[in-house]
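Here is a short briefing on nonpolar cores and strand pairing. Keep the model open while you read.

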Amino acid sequence: MSDPGTDAELHARRASSFGDQASAYARHRPDYPRAALEWGMSGANRPVRDVLDLAAGTGKLTEGLVDLGRAVTAVEPDPGMLAELSWRLPDVPALLGKAEDIPLPDESADAVFVGQAMHWFDLAAAFAQIRRVLRPGGAMVALWNHEDESVPWVREFARLIRTDINRGFADSGQTLRADGFGPFEQDRFAHTHRRSIDSLLATVGTHSHLLIASADERDRLLAEARAYLETVPEAGTGEFDYPLVTTVLRARRR
Ligand SMILES: C[S@@+](CC[C@H](N)C(=O)[O-])C[C@H]1O[C@@H](n2cnc3c(N)ncnc32)[C@H](O)[C@@H]1O
């Protein structure tokens, strides 16, 4: 049986593992489909003008929200990630802070978006804080990009690189409950990420379980993944569209 103390420590190390690789993260992680952002926003029953991007990282999701013409504020606990965001998006107000203690006033946002990060939160504390900063009728929206495992070679690749933690969370999302919110709704959107074998392996290298792995373990897993990709016809000709699915959860603040 696993030791809960060790599990909690591992979770915390993974949650805070991203900052040292902030520029690789910004270069190699995918963005989110516009339709997914629009579906999330339509969960609000009020006009969506002020948007909080919580756990904003280097601004992958922030940029899509800005492109939709919203007034976006970014909150992120890792100084390295936040510095990268501010360098890329100098006009976006960017604050250091955590989901469990959001540095914004009550009822200051029409929507709170969380990209690829809700699984790192202490959910009860984070939901209470998100509720506090949302205006009545505002939407809480969580998104995850995953391998599209309906494609056989992608399913095998996903197994090799062990993308585990956030997949399970996103898929169990409809059983989530948050006090002061209506029920969670879920939808999925097809997405792709333009990659080569080298850049896809660079993307995998920004996943938290590899960021905290030993150099030997990391090299071994990436070598196995490369050997596999070199046998895949779809991946063997320079650049290709790596198939992803974006899962979105949304719930409306009462
Ligand atoms: C996988 S990155 C996602 C970044 C960005 N949202 C994106 O879509 O690319 C996860 C982010 O969650 C942040 N994070 C981890 N624990 C957090 C917490 N308790 N509150 C807020 N952010 C947290 C990390 O610092 C990291 O930047």
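Buried means under 20% relative accessible area, exposed over 50%, and partly exposed in between (1.4 Å probe, protein chains only). Helices (H or I, at least four residues) and strands (E, at least two) are DSSP runs, numbered from the N terminus. This is a predicted model: local features need pLDDT of at least 70, side-chain atom pairs count only at pLDDT 80 or more, and totals for chains, interfaces and linings use all residues. Residues are numbered from 1 along each chain as its sequence is written, and side-chain values use heavy atoms, with hydrogens and water left out.

**Strand S2 and its partners**
- S2 pairs with S1 in the parallel sense over 5 bridges (pairing takes at least two DSSP bridges).
- Leucine 52 has threonine 73 in S2 as its bridge partner.
- S2 also runs parallel to strand S3 (residues 94-96), joined by 3 bridges.
- Alanine 74 is bridged to alanine 94 in S3.

**Crossovers**
- A crossover is right-handed if, with the strands pointing away from the viewer, the path from the first strand over the helix to the second runs clockwise.
- S1, helix H4 (residues 60-67) and S2 form a right-handed β-α-β unit.
- S2, helix H5 (residues 79-88) and S3 form a right-handed β-α-β unit.

**Nonpolar cores**
- A nonpolar core is a set of buried Ala, Val, Leu, Ile, Met, Phe, Trp, Tyr and Cys residues joined through side-chain atoms within 4.5 Å.
- The largest core has 34 residues; Leu52, Leu54, Val112, Met118, Phe121 and Met140 touch the most other members.
- Elements that each supply at least two residues of this core include strand S1 (50-54) and strand S4 (109-115).
- A second, separate core of 20 residues includes Phe157 and Leu200.
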